[in-house]
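Please keep the 3D view open as you go through the points.

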Amino acid sequence: IDLAGVTRGRAAIAPAVAQLQKRFPNILDYESRGSADLRLNASILGTRFSDNDLADFATVAEHITVADFSRTGITDRSASTIAAMKRLRVLRLLSTGITDATLLRLGGLDQLESLNLFGTPATAASLPAISRLPRLAHLYVGQTSIPQGSPVPEALAGKLVF
């Protein structure tokens with residue numbers, strides 16, 4: 001672990017992280033003691049966490065690598081904030097109001113490995129855009145409008161989990 005590098009990385013965002021942690025206790029933290037990357041778990045707030053709340057995280061968006069918005073009140077109004085999380089590896093959108101409109105805007109998330117859309121209004125129309133995510137290994141689409149057995153882009157073959 002490069003402790004000096006971690007210290008430098010954290011210094012740039014420490015005031016914003018401290019402010020967000022004060023306003024939203026227990027949902028934002030560093031990924032590990034040896035990292036300046038952030039993990040955001042808004043799911044514990046449920047529907048009390050909305051688009052307006054997520055907008056407050058724009059200042060640290062580029063440092064978030066894991067984001068869980070399951071069962072929150074976010075909608076497509078949060079598309080630009082989510083799309084700004086360029087280093088995301090894991091994105092959980094279970095049972096949110098996120099639709100294809102947001103999914104079509106996630107093309108810049110080239111580090112994304114896992115996307116969970118369980119229980120969202122997502123449709124097969126979003127699959128071509130999602131298939132262009134180069135590192136995507138798992139796409140969870142149970143209880144969406146994507147029917148099991150529907151044709152999927154070749155890049156998603158074997159990656160869909162219903």
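1. First, some background. This is a predicted model, in which local features need pLDDT of at least 70 and side-chain atom pairs count only at pLDDT 80 or more, while totals for chains, interfaces and linings use all residues. Residues are numbered from 1 along each chain as its sequence is written, and side-chain values use heavy atoms, with hydrogens and water left out.

2. The sheet is open and has seven strands in the order β1-β2-β3-β4-β5-β6-β7, with mixed pairing. Strands are DSSP runs of E, at least two residues, and helices are runs of H or I, at least four, numbered from the N terminus; two strands pair if DSSP finds at least two bridges between them. At the edges are β1 (28–30) and β7 (160–161), each pairing on one side only.

3. Inside this order, β5 (residues 114–116) pairs with β6 (residues 138–140) in the parallel sense over three bridges. Look for Asn116, which stands opposite Tyr140 in β6.

4. Phe162 sits in the segment after β7. Its relative accessible area is 41%, so Phe162 is partly exposed (buried is under 20%, exposed over 50%, partly exposed in between, with a 1.4 Å probe and protein chains only). Beyond neighbours within four places in sequence, its contacts (heavy atoms within 4.5 Å) include Val141, Ile146 and Pro147.

5. Ser126 belongs to the loop between β5 and α5 (127–130). With 0% relative accessibility, Ser126 counts as buried. Not counting residues up to four places away in sequence, Ser126 touches Asp100, Leu103 and Leu104.
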